[in-house]
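Hello,

Here is the structure I said I would send over. My notes on it follow below.

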Amino acid sequence: MTGEIGRYLAMGGYAAFVWPAYGVALAVLGGLAWQSWRRYRASSNMLERLQRELRTRP
Amino acid sequence: MISRLANPARFMRFSTTALPWCWWSAVAVIALGLYFALVAAPPDYQQGETVRIMYIHVPAAWMALSIYLFVAVASAVALVWRHPLAEIAAAAAAPIGAAFTFVCLATGSLWGRPMWGAWWVWDARLTSVLVLFFLYLGYIALVNAFDEPGRGARAGSVLALAGVVNLPIVKFSVDWWNTLHQPASVVRLGGPKIDIAMLIPLLVMVTGFSLLFLALTMLRMRTALNERKALAMRLNRMPEPARPAERDHLVSAGPAVGRGA
(Lines give C-alpha, C1' and ligand atoms only; values in the text may rest on other atoms or scores of the structure.)
Protein backbone atom coordinates (compact mmCIF):
# COMPACT_ATOMS: atom_id res chain seq x y z
CA MET A 1 0.00 0.00 0.00
CA THR A 2 2.71 2.46 0.98
CA GLY A 3 4.60 1.33 -2.10
CA GLU A 4 1.66 2.24 -4.26
CA ILE A 5 1.22 5.64 -2.65
CA GLY A 6 4.96 6.21 -2.80
CA ARG A 7 4.96 5.36 -6.49
CA TYR A 8 2.07 7.74 -7.09
CA LEU A 9 3.76 10.57 -5.17
CA ALA A 10 6.99 10.00 -7.11
CA MET A 11 5.13 10.97 -10.32
CA GLY A 12 7.37 8.79 -12.46
CA GLY A 13 10.46 10.58 -11.14
CA TYR A 14 9.04 14.04 -11.85
CA ALA A 15 7.71 14.72 -8.35
CA ALA A 16 10.06 17.72 -8.01
CA PHE A 17 8.26 19.41 -10.91
CA VAL A 18 4.66 18.21 -10.75
CA TRP A 19 3.97 18.90 -7.06
CA PRO A 20 5.57 22.35 -6.96
CA ALA A 21 3.45 23.29 -10.00
CA TYR A 22 0.27 22.43 -8.09
CA GLY A 23 1.70 24.03 -4.96
CA VAL A 24 2.41 27.33 -6.71
CA ALA A 25 -1.12 27.43 -8.12
CA LEU A 26 -2.63 26.69 -4.71
CA ALA A 27 -0.44 29.26 -2.94
CA VAL A 28 -1.03 32.07 -5.45
CA LEU A 29 -4.77 31.58 -5.97
CA GLY A 30 -5.39 30.72 -2.31
CA GLY A 31 -3.35 33.71 -1.20
CA LEU A 32 -5.28 36.01 -3.51
CA ALA A 33 -8.61 34.65 -2.23
CA TRP A 34 -7.46 35.09 1.38
CA GLN A 35 -6.23 38.65 0.78
CA SER A 36 -9.44 39.57 -1.08
CA TRP A 37 -11.59 38.20 1.72
CA ARG A 38 -9.61 39.99 4.46
CA ARG A 39 -9.86 43.29 2.61
CA TYR A 40 -13.57 42.78 2.05
CA ARG A 41 -14.16 42.14 5.77
CA ALA A 42 -12.13 45.23 6.67
CA SER A 43 -14.06 47.42 4.24
CA SER A 44 -17.48 46.26 5.43
CA ASN A 45 -16.49 46.69 9.08
CA MET A 46 -15.28 50.21 8.38
CA LEU A 47 -18.48 51.08 6.54
CA GLU A 48 -20.61 49.66 9.33
CA ARG A 49 -18.70 51.72 11.90
CA LEU A 50 -19.14 54.91 9.87
CA GLN A 51 -22.85 54.28 9.44
CA ARG A 52 -23.23 53.65 13.18
CA GLU A 53 -21.42 56.87 13.98
CA LEU A 54 -23.63 58.75 11.54
CA ARG A 55 -26.78 57.43 13.19
CA THR A 56 -25.69 58.26 16.74
CA ARG A 57 -24.52 61.76 15.82
CA PRO A 58 -27.18 64.46 15.19
CA MET B 1 -28.62 41.45 -17.54
CA ILE B 2 -25.42 43.49 -17.66
CA SER B 3 -27.29 46.78 -17.92
CA ARG B 4 -29.66 45.76 -15.15
CA LEU B 5 -26.70 45.05 -12.90
CA ALA B 6 -24.94 48.23 -13.93
CA ASN B 7 -26.17 50.00 -10.85
CA PRO B 8 -24.05 49.70 -7.73
CA ALA B 9 -26.95 49.11 -5.34
CA ARG B 10 -28.44 46.44 -7.57
CA PHE B 11 -25.00 44.88 -8.02
CA MET B 12 -24.56 44.68 -4.24
CA ARG B 13 -27.94 42.94 -3.87
CA PHE B 14 -27.27 40.54 -6.75
CA SER B 15 -23.76 39.64 -5.59
CA THR B 16 -24.92 38.95 -2.03
CA THR B 17 -26.79 35.95 -3.43
CA ALA B 18 -24.53 35.08 -6.37
CA LEU B 19 -21.20 35.22 -4.55
CA PRO B 20 -21.62 32.15 -2.28
CA TRP B 21 -22.96 30.12 -5.22
CA CYS B 22 -20.00 31.07 -7.41
CA TRP B 23 -17.55 30.44 -4.62
CA TRP B 24 -18.76 26.99 -3.62
CA SER B 25 -19.27 25.81 -7.19
CA ALA B 26 -15.72 26.99 -7.96
CA VAL B 27 -14.39 24.92 -5.04
CA ALA B 28 -16.40 21.86 -6.14
CA VAL B 29 -15.48 22.10 -9.83
CA ILE B 30 -11.78 22.68 -9.07
CA ALA B 31 -11.81 19.66 -6.73
CA LEU B 32 -13.34 17.59 -9.52
CA GLY B 33 -10.75 18.99 -11.95
CA LEU B 34 -7.95 18.01 -9.57
CA TYR B 35 -9.31 14.48 -9.40
CA PHE B 36 -9.32 14.26 -13.20
CA ALA B 37 -5.89 15.90 -13.48
CA LEU B 38 -4.07 13.97 -10.78
CA VAL B 39 -5.83 10.61 -10.78
CA ALA B 40 -8.06 9.89 -13.76
CA ALA B 41 -5.96 11.29 -16.61
CA PRO B 42 -3.30 8.98 -18.04
CA PRO B 43 0.40 9.87 -18.22
CA ASP B 44 1.58 11.09 -21.63
CA TYR B 45 3.40 8.56 -23.80
CA GLN B 46 6.29 10.99 -24.35
CA GLN B 47 6.19 13.36 -21.40
CA GLY B 48 5.22 10.88 -18.73
CA GLU B 49 3.72 12.31 -15.56
CA THR B 50 4.92 15.86 -16.26
CA VAL B 51 1.88 16.22 -18.51
CA ARG B 52 -0.14 16.71 -15.33
CA ILE B 53 1.38 20.17 -15.09
CA MET B 54 -0.62 20.97 -18.23
CA TYR B 55 -3.92 20.83 -16.30
CA ILE B 56 -2.85 23.87 -14.32
CA HIS B 57 -0.65 25.55 -16.92
CA VAL B 58 -3.03 25.64 -19.89
CA PRO B 59 -6.22 26.69 -18.05
CA ALA B 60 -4.18 29.37 -16.24
CA ALA B 61 -2.94 30.64 -19.61
CA TRP B 62 -6.50 30.76 -20.99
CA MET B 63 -7.58 32.68 -17.90
CA ALA B 64 -4.64 35.08 -18.21
CA LEU B 65 -5.70 35.99 -21.76
CA SER B 66 -9.46 36.12 -21.22
CA ILE B 67 -9.20 38.15 -18.01
CA TYR B 68 -7.04 40.66 -19.85
CA LEU B 69 -9.76 40.89 -22.49
CA PHE B 70 -12.31 41.41 -19.71
CA VAL B 71 -10.20 44.21 -18.19
CA ALA B 72 -9.83 45.84 -21.61
CA VAL B 73 -13.56 45.67 -22.45
CA ALA B 74 -14.51 46.99 -19.00
CA SER B 75 -11.94 49.77 -19.46
CA ALA B 76 -13.43 50.71 -22.82
CA VAL B 77 -16.92 50.85 -21.26
CA ALA B 78 -15.53 52.95 -18.42
CA LEU B 79 -13.85 55.38 -20.82
CA VAL B 80 -16.72 55.70 -23.31
CA TRP B 81 -19.76 55.67 -21.00
CA ARG B 82 -17.97 56.82 -17.85
CA HIS B 83 -19.63 54.00 -16.00
CA PRO B 84 -18.22 53.74 -12.46
CA LEU B 85 -19.05 50.05 -12.08
CA ALA B 86 -17.07 49.23 -15.24
CA GLU B 87 -13.88 50.81 -13.95
CA ILE B 88 -14.40 49.08 -10.60
CA ALA B 89 -14.83 45.76 -12.43
CA ALA B 90 -11.64 46.29 -14.44
CA ALA B 91 -9.60 47.21 -11.38
CA ALA B 92 -11.06 44.26 -9.42
CA ALA B 93 -10.25 41.74 -12.16
CA ALA B 94 -6.68 42.82 -12.96
CA PRO B 95 -4.94 41.31 -9.88
CA ILE B 96 -6.74 38.02 -10.55
CA GLY B 97 -5.45 38.07 -14.12
CA ALA B 98 -1.95 38.83 -12.87
CA ALA B 99 -2.18 35.88 -10.47
CA PHE B 100 -3.22 33.49 -13.26
CA THR B 101 -0.45 34.84 -15.50
CA PHE B 102 2.08 34.23 -12.75
CA VAL B 103 0.76 30.68 -12.23
CA CYS B 104 1.03 30.11 -15.99
CA LEU B 105 4.64 31.32 -16.07
CA ALA B 106 5.72 29.43 -12.95
CA THR B 107 4.12 26.13 -13.95
CA GLY B 108 5.49 26.55 -17.47
CA SER B 109 8.93 26.97 -16.01
CA LEU B 110 8.50 23.83 -13.89
CA TRP B 111 7.38 21.98 -17.00
CA GLY B 112 10.11 23.40 -19.22
CA ARG B 113 12.95 22.32 -16.99
CA PRO B 114 12.37 18.54 -17.32
CA MET B 115 11.04 18.63 -20.91
CA TRP B 116 13.19 21.29 -22.59
CA GLY B 117 16.11 21.27 -20.18
CA ALA B 118 15.65 24.96 -19.37
CA TRP B 119 13.63 26.88 -16.79
CA TRP B 120 13.24 29.74 -19.22
CA VAL B 121 13.92 30.51 -22.88
CA TRP B 122 13.38 33.83 -24.62
CA ASP B 123 11.03 32.42 -27.19
CA ALA B 124 8.13 34.40 -28.59
CA ARG B 125 5.39 32.69 -26.59
CA LEU B 126 7.16 32.92 -23.25
CA THR B 127 8.31 36.48 -23.82
CA SER B 128 4.86 37.71 -24.89
CA VAL B 129 3.27 36.13 -21.81
CA LEU B 130 5.91 37.82 -19.66
CA VAL B 131 4.92 41.11 -21.34
CA LEU B 132 1.29 40.31 -20.48
CA PHE B 133 2.30 39.88 -16.85
CA PHE B 134 4.07 43.26 -16.86
CA LEU B 135 1.03 44.87 -18.50
CA TYR B 136 -1.09 43.61 -15.60
CA LEU B 137 1.42 44.92 -13.07
CA GLY B 138 1.64 48.25 -14.88
CA TYR B 139 -2.14 48.57 -14.93
CA ILE B 140 -2.43 47.76 -11.20
CA ALA B 141 0.36 50.21 -10.31
CA LEU B 142 -1.20 52.97 -12.41
CA VAL B 143 -4.72 52.51 -11.02
CA ASN B 144 -3.39 52.73 -7.47
CA ALA B 145 -0.97 55.59 -8.14
CA PHE B 146 -3.56 58.35 -7.68
CA ASP B 147 -5.25 59.44 -4.48
CA GLU B 148 -8.43 60.03 -6.39
CA PRO B 149 -9.81 56.67 -7.59
CA GLY B 150 -11.43 58.00 -10.79
CA ARG B 151 -8.23 59.44 -12.21
CA GLY B 152 -6.20 56.29 -11.62
CA ALA B 153 -8.90 54.20 -13.25
CA ARG B 154 -8.94 56.42 -16.35
CA ALA B 155 -5.16 56.31 -16.75
CA GLY B 156 -5.23 52.53 -16.22
CA SER B 157 -8.01 52.11 -18.78
CA VAL B 158 -5.88 53.72 -21.48
CA LEU B 159 -2.97 51.41 -20.67
CA ALA B 160 -5.27 48.36 -20.63
CA LEU B 161 -6.62 49.24 -24.09
CA ALA B 162 -3.17 49.85 -25.54
CA GLY B 163 -2.03 46.48 -24.19
CA VAL B 164 -4.73 44.62 -26.12
CA VAL B 165 -2.30 44.50 -29.05
CA ASN B 166 -0.34 41.92 -27.04
CA LEU B 167 -3.23 39.42 -26.94
CA PRO B 168 -3.04 38.26 -30.60
CA ILE B 169 0.74 38.24 -30.27
CA VAL B 170 0.48 35.79 -27.37
CA LYS B 171 -2.12 33.66 -29.16
CA PHE B 172 -0.41 33.46 -32.54
CA SER B 173 3.23 33.66 -31.41
CA VAL B 174 3.50 29.88 -31.78
CA ASP B 175 2.41 30.13 -35.44
CA TRP B 176 4.24 33.29 -36.46
CA TRP B 177 7.62 32.37 -35.06
CA ASN B 178 9.62 29.22 -34.61
CA THR B 179 9.11 28.68 -30.93
CA LEU B 180 10.22 25.99 -28.57
CA HIS B 181 6.72 26.21 -27.13
CA GLN B 182 4.35 23.82 -28.89
CA PRO B 183 1.50 25.19 -31.03
CA ALA B 184 -2.15 25.15 -29.94
CA SER B 185 -3.75 21.74 -29.63
CA VAL B 186 -7.18 22.60 -28.21
CA VAL B 187 -8.34 25.98 -29.54
CA ARG B 188 -7.42 25.54 -33.20
CA LEU B 189 -9.03 25.38 -36.63
CA GLY B 190 -10.16 21.85 -37.33
CA GLY B 191 -10.98 21.08 -33.71
CA PRO B 192 -8.94 19.88 -30.74
CA LYS B 193 -5.98 17.62 -31.45
CA ILE B 194 -5.84 16.15 -28.00
CA ASP B 195 -7.17 12.94 -26.49
CA ILE B 196 -10.53 13.19 -24.73
CA ALA B 197 -8.98 11.82 -21.50
CA MET B 198 -6.74 14.90 -21.44
CA LEU B 199 -9.32 17.34 -22.80
CA ILE B 200 -11.84 16.65 -20.01
CA PRO B 201 -9.54 17.68 -17.11
CA LEU B 202 -8.58 20.81 -19.05
CA LEU B 203 -12.19 21.84 -19.60
CA VAL B 204 -13.25 21.04 -16.03
CA MET B 205 -10.30 23.00 -14.67
CA VAL B 206 -10.92 26.05 -16.83
CA THR B 207 -14.59 26.00 -15.76
CA GLY B 208 -13.49 25.93 -12.12
CA PHE B 209 -10.99 28.73 -12.67
CA SER B 210 -13.68 30.82 -14.39
CA LEU B 211 -16.05 30.38 -11.47
CA LEU B 212 -13.24 31.33 -9.10
CA PHE B 213 -12.57 34.40 -11.23
CA LEU B 214 -16.26 35.40 -11.06
CA ALA B 215 -16.38 34.92 -7.29
CA LEU B 216 -13.16 36.86 -6.65
CA THR B 217 -14.15 39.66 -9.05
CA MET B 218 -17.49 40.11 -7.29
CA LEU B 219 -15.81 40.04 -3.88
CA ARG B 220 -13.23 42.64 -4.93
CA MET B 221 -15.88 44.83 -6.56
CA ARG B 222 -17.90 44.78 -3.34
CA THR B 223 -14.75 45.79 -1.48
CA ALA B 224 -14.13 48.71 -3.84
CA LEU B 225 -17.76 49.89 -3.54
CA ASN B 226 -17.54 49.71 0.26
CA GLU B 227 -14.30 51.66 0.26
CA ARG B 228 -15.66 54.36 -2.05
CA LYS B 229 -18.81 54.70 0.01
CA ALA B 230 -16.78 54.99 3.21
CA LEU B 231 -14.56 57.63 1.59
CA ALA B 232 -17.60 59.66 0.53
CA MET B 233 -19.14 59.41 4.01
CA ARG B 234 -15.92 60.63 5.61
CA LEU B 235 -15.67 63.55 3.22
CA ASN B 236 -19.29 64.60 3.67
CA ARG B 237 -18.79 64.56 7.42
CA MET B 238 -15.71 66.78 7.29
CA PRO B 239 -15.88 70.05 9.27
CA GLU B 240 -16.88 73.00 7.11
CA PRO B 241 -13.59 74.78 6.45
CA ALA B 242 -12.33 71.65 4.70
CA ARG B 243 -10.85 72.90 1.44
CA PRO B 244 -14.03 72.93 -0.68
CA ALA B 245 -12.37 72.54 -4.09
CA GLU B 246 -10.64 69.32 -3.21
CA ARG B 247 -13.67 67.99 -1.44
CA ASP B 248 -16.09 68.46 -4.33
CA HIS B 249 -13.55 66.95 -6.64
CA LEU B 250 -13.16 63.81 -4.57
CA VAL B 251 -16.84 63.30 -4.03
CA SER B 252 -17.59 63.64 -7.72
CA ALA B 253 -14.96 61.01 -8.38
CA GLY B 254 -17.17 58.38 -6.85
CA PRO B 255 -20.56 58.81 -8.47
CA ALA B 256 -21.25 55.16 -7.75
CA VAL B 257 -21.54 56.00 -4.12
CA GLY B 258 -24.08 58.78 -4.47
CA ARG B 259 -26.27 56.84 -6.82
CA GLY B 260 -25.95 53.62 -4.93
CA ALA B 261 -26.79 54.98 -1.53
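In chain B, helices α5(B) and α7(B) are roughly antiparallel to each other, a label used for angles over 145 degrees. Helices here are DSSP runs of H or I with at least four residues, numbered from the N terminus. This is a predicted model, in which local features need pLDDT of at least 70, side-chain atom pairs count only at pLDDT 80 or more, and totals for chains, interfaces and linings use all residues. Residues are numbered from 1 along each chain as its sequence is written, and chains are lettered from A and ligands numbered from 1 in the order in which they are written.

The axes of α5 (residues 124-143) and α7 (residues 166-176) of chain B come within 8 Å and cross at roughly 160°. Axes are lines fitted to C-alpha atoms over the stretch in contact, with angles from 0 to 180 degrees between N-to-C directions. Contact means C-beta atoms, placed from the backbone, within 7 Å. From α5(B), residues including Val129(B), Leu132(B) and Leu135(B) meet α7(B) residues, among them Ile169(B), Val170(B) and Val174(B). The residues of this contact divide into eight nonpolar, three polar and one charged. Nonpolar covers Ala, Val, Leu, Ile, Met, Phe, Trp, Tyr, Cys and Pro; charged covers Asp, Glu, Lys and Arg; the others, Gly among them, are polar.

Chain B as a whole has 10 helices and zero strands. Among its contacts between residues at least 6 apart in sequence, 74% join residues at least 24 apart.

Between the chains, 24 residues of chain A are in contact with 31 residues of chain B. The chain A side has 19 nonpolar, four polar and one charged residues.

Regards

How values were computed:
Helix = DSSP H or I, 4+ residues; strand = E, 2+ residues; numbered from the N terminus. Contact = placed C-beta atoms within 7 Å. Parallel < 35°, antiparallel > 145°, perpendicular 65-115°, else oblique.
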